[in-house]
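The sequence and structure are shown first.

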Amino acid sequence: MHRPQEDQAAGLRRLFAASPAPSVALFGPESAPVARVAANCALALAAAGRTVTIIDEHSGEGSVARLFGCAGRRDLAQVLSGDATLGQALLAPQDAVRILPAGRAARRSRGEDFETKKATAKLLARLGADCDLLLHAATVGEHGPSAAMQTVARRVVCVPSDGHGITLAYRQLKLLAACGGHPEIGVVMTGGSVGDRVRAAYENIHALAGVRLELRLRWLGWAPARELREALHGILGRTPNATWTRLAGALAEAAALDERSEANGQTRRQAAPRRGTV
């Protein structure tokens with residue numbers, strides 16, 4: 001069955017392929033701490049000497065920018081319309097971390113024409129020339145992913161470890177599957193404090209997505225509730241702990257996976273840890 005939306009998404013990814021920086025989109029339901037995971041991973045990558053640009057599709061109190069204690073008056077939408085330059089829209093809360101607010105652009109782009117989406121892909125490719133990683137703190141709405149997220153082949157879903165969170169995350173995966181794209185999606189489990197229960201929750205959504213959506217979910221890591229409770233300003237200037245260092249490395253690896261290995265049947269996978277070792 002021909003799906004125009006899938007064809008458009010594939011075209012956007014081809015346009016973005018010229019970007020020199022690896023790119024990964026982190027998304028999840030509203031109950032998932034996507035912005036917090038993105039912010040902490042960006043800090044961990046910065047501490048390791050990498051430069052990160054975050055495309056922040058979240059707004060207000062739930063945005064990455066707000067977690068860093070900054071807020072911009074300009075958005076990716078204004079850059080695309082010519083009402084602002086990229087330099088005016090970018091925020092720089094840390095030496096190696098930049099943030100491009102994109103909440104308005106994300107809301108508008110789901111209904112925009114293909115030419116506007118092409119302009120988004122080209123702008124993001126240009127943005128990737130000045131960083132080591134483009135990290136999309138993305139949103140998936142009722143009509144699917146934003147134009148910015150459609151440029152990214154590598155996606156990672158934040159899944160809350162409770163039953164309701166798994167249901168909401170599955171709905172997002174269903175919307176994403178309808179747009180086509182890479183069938184392998186990384187998973188970061190969030191919340192919870194008991195490793196065995198978190199692992200069981202992962203196995204649940206892994207099975208559902210595989211059977212019903214033909215998606216291959218791949219374990220990347222777990223951000224326990226205790227790590228998510230700490231305010232971001234409490235870790236600024238400190239060496240990131242092992243949790244965020246591991247997750248940041250997993251995100252960077254997911255972004256840099258060579259898609260050509262997929263054609264050769266050599267896709268790298270990272271299995272979920274054995275029970276009791278999460």
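In this predicted model, aspartate 56 sits in strand β2, which spans residues 52–56. Aspartate 56 is buried but takes part in no salt bridge.

**Aspartate 56**
- The nearest side chain of opposite charge to aspartate 56 is arginine 66, 8.7 Å away. A salt bridge requires a nitrogen–oxygen distance within 4 Å, so the separation of 8.7 Å leaves aspartate 56 without this partner.
- Leaving aside residues up to four places away in sequence, aspartate 56 touches Ser63, Val64 and Ala65, then Ile99, Leu100, Pro101, Ala102 and Gly103, and also Ala137.

**Glutamate 61 and arginine 66**
- Arginine 66 forms a salt bridge with glutamate 61, and their closest N and O atoms are 2.5 Å apart.
- Glutamate 61 is exposed because its relative accessibility is 64%, over the 50% cut-off.
- Arginine 66 has a relative accessible area of 36% and therefore counts as partly exposed.

**Glutamate 115 and lysine 118, helix α7**
- Helix α7 covers residues 114–127 and contains both lysine 118 and glutamate 115. The two are three residues apart, about one turn of the helix.
- Their side chains meet in a salt bridge, with an N to O distance of 3.7 Å.
- Glutamate 115 is exposed, at 53% relative accessible area, whereas lysine 118 is partly exposed, at 23%.

**Arginine 199 and glutamate 203, helix α10**
- Arginine 199 and glutamate 203 both belong to helix α10, residues 195–213. They lie four residues apart, which is again about one turn of the helix.
- A salt bridge joins the two side chains, at 2.7 Å from N to O.
- Arginine 199 has a relative accessible area of 16% and so counts as buried, since the cut-off is under 20%.
- Glutamate 203 is partly exposed, with 32% relative accessibility.

**Model confidence**
- The protein chain has a mean pLDDT of 84, and 81% of its residues reach 70 or more.
- Across residues 258–278 the pLDDT is below 50, although this stretch has 37 contacts in the model beyond near neighbours in sequence.
- Where pLDDT is low, the predicted coordinates should not be read in detail.

Technical notes. Residues are numbered from 1 along each chain as its sequence is written. This is a predicted model: local features need pLDDT of at least 70, side-chain atom pairs count only at pLDDT 80 or more; totals for chains, interfaces and linings use all residues. Side-chain values use heavy atoms; hydrogens and water are left out. pLDDT is the predictor's confidence in each residue, from 0 to 100. Contact means heavy atoms within 4.5 Å. Buried means under 20% relative accessible area, exposed over 50%, partly exposed in between (1.4 Å probe, protein chains only). Lys and Arg count as positive and Asp and Glu as negative; His and the chain ends are not counted.
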